[in-house]
Amino acid sequence: MQRRQIVYIPKPTPMERFSQKHLCIAQLCEQRSCELKMINRLKEQQKSLKHRKHGGKDFKDMDHAGFFGVQMLREDKETLKLLDMMQKMSALEAENTVKDFPVFGVLEDVFLTGIIDTLHYDKQRKVVLSDVKTLNKDAELFVAERGEHEFQVGMHKLLFDSMVNGHVKREQYIEHLQLQPRQTLGTKIQGLTQSLGYPSNTFGELLDHVLTTMASSKIKRIAKLKIIYLVEGKDTKTSSGTMWVQFKEGQLRSELKGYLAYWKGQREPKGVDIEDAWKCETCSFKENCEWKNHDLVETRMDCRLQNGSIETGSGTGSKINNCHNSGEVCVQYLHKVSILPTPGT
Ligand code: SF4
């Protein structure tokens, strides 16, 4: 009797399950805040997309409605993005301030994208990346978000520097985004490439022009990273201070590796750490969150809070504990120790 051969079909990775060809930095920041929350949001998004498709609307057509009022192929749309980026690169090289600069590249075998708020030259003729954030007056929320802001600007620098140093390769761009290099560009798009100085008939030709021009840019790196915090008033926003961010490449890369391990299916997703348990209080998924309702409450740590008063410990990295008095994770400790930036610094 012929023996049946057992064929193992690998489980799809989260990248495949959520149909992600690439990840954007904003999404990694969301993951950094709480991985489970991000996954729940993606699931909801998937459901609503299915609903829209089944609701009779031609979502594909809407998605492809284009720049010239006609349907466009993905290669045409990518061309427009790349041309926009190249115009901004020229403006920056001419020492103008540019906004919404798109960055991309492959790190840890995943295609990442992001948008830099502002790039400009300072008086010492160094390129400065600057990002504006609205200050959250809630102390522990601010401290948590500050970590995400630092991660975001650091990742944007990493991608920008790799673009202008010629580390983005044609094959990576084509393979990760599943584009066709031989695809002929639309007639109007071809005209645009010509008028902007990158004459191309196919997407591959345009991509070659762009990658070569980028790699020969006179700008080789972003020298400084800063975050400007604004405070929201009744009708206006006023500056509350500037934070200069130190670029710690090793730390950034290892953090990134940890997040991407989930996307590659190398580990199970997880919820917030015990220190960040306060985030669950305002989370819209908290009712059905296994992590909050089981894993987190099960965590036992040495309690530093006795009868509501802080006995020891300082700094936001200190542990908060399961309080046996309230039976819930106590947020009081972090309320007391969080730090806001000094205005005007
Ligand atoms: S309840 Fe807490 S752990 Fe669960 S998804 Fe929300 S923030 Fe994350």
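**Exercise 1. A residue in a helix**

Task: State where Gln152 is found, and decide whether Gln152 is buried or exposed.

Solution. The model examined here is a predicted one.

Step 1. Gln152 lies in helix H6, which covers residues 139–164.

Step 2. The relative accessibility of Gln152 is 13%. Buried means under 20% relative accessible area, so Gln152 counts as buried.

Step 3. When neighbours within four places in sequence are left aside, Gln152 is in contact with Ile25, Cys29, Asp131 and Lys133.

**Exercise 2. A residue in a strand**

Task: Locate Val132 in the secondary structure, classify its accessibility, and list the residues that it touches beyond four places in sequence.

Solution. 

Step 1. Strand E4, residues 127–134, contains Val132.

Step 2. With a relative accessible area of 39%, Val132 is partly exposed. This class lies between the cut-offs of 20% for buried and 50% for exposed.

Step 3. Not counting residues up to four places away in sequence, Val132 touches Asp117, Ile228 and Leu230.

**Exercise 3. The whole chain**

Task: Describe the protein by its secondary structure, its buried share and its contacts between residues at least 6 apart in sequence.

Solution. 

Step 1. The secondary structure comes to 12 helices and eight strands.

Step 2. The protein has 345 residues, of which 41% count as buried.

Step 3. Among contacts between residues at least 6 apart in sequence, 62% join residues at least 24 apart.

**Exercise 4. Helix H5 and its partners**

Task: Describe how H5 packs with H9 and with H8.

Solution. Two packed helices are described by the angle between their axes and the distance between the axes.

Step 1. Helix H5 (residues 74–93) and helix H9 (residues 203–215) pack at an angle of about 20 degrees, and their axes are 10 Å apart. Angles under 35 degrees count as roughly parallel, and H5 and H9 are therefore roughly parallel to each other. The crossing of H5 past H9 is left-handed.

Step 2. On the side of H5, this contact with H9 is made by Glu75, Glu78, Thr79, Leu82, Leu83, Met85, Met86 and Met89. On the side of H9, the residues are Phe203, Leu206, Leu207, Val210, Thr213 and Met214. By class, the contact of H5 with H9 has 10 nonpolar, two polar and two charged residues.

Step 3. For helix H8 (residues 187–195), the axes of H5 and H8 come within 10 Å and cross at roughly 20 degrees. H5 is therefore roughly parallel to H8. H5 passes H8 in a left-handed crossing.

Step 4. Asp76, Thr79, Leu80 and Leu83 of H5 meet Ile189, Leu192 and Thr193 of H8 in this contact. The residues of the contact of H5 with H8 divide into four nonpolar, two polar and one charged.

**Exercise 5. Positive phi angles**

Task: Give the phi values of Asp100 and Gln178, and place each residue in the structure.

Solution. 

Step 1. Asp100 has a phi near 50 degrees, a positive value in a residue other than glycine. Asp100 is in strand E2, residues 98–107, and is partly exposed at 42% relative accessible area.

Step 2. Gln178 is likewise not a glycine, and its phi is positive, about 50 degrees. Gln178 is found in the loop between helix H7 (170–176) and H8. At 51% relative accessibility, Gln178 counts as exposed.

**Exercise 6. Cysteines**

Task: State how many disulfides a search of the whole structure finds, and classify Cys280 and Cys283 by accessibility.

Solution. 

Step 1. A disulfide is a covalent bond between the sulfur atoms of two cysteines. The search finds zero disulfides.

Step 2. Cys280 is buried, with a relative accessible area of 10%. Cys283, at 14% relative accessibility, also counts as buried.

Technical notes. Residues numbered from 1 in each chain as written. Predicted model: local features only at pLDDT ≥ 70, side-chain atom pairs only at ≥ 80, totals over all residues. Heavy atoms only, no water. Axes fitted to C-alpha atoms, helices over the stretch in contact; angles between N-to-C directions. Helix = DSSP H or I, 4+ residues; strand = E, 2+ residues; numbered from the N terminus. Parallel < 35°, antiparallel > 145°, perpendicular 65-115°, else oblique. Left-handed = near helix turned anticlockwise from the far one by under 90°. Contact = heavy atoms within 4.5 Å. Nonpolar A, V, L, I, M, F, W, Y, C, P; charged D, E, K, R; others polar. Disulfide = S-S within 2.5 Å. Buried < 20%, exposed > 50% of the residue type's maximum accessible area, 1.4 Å probe, protein only.
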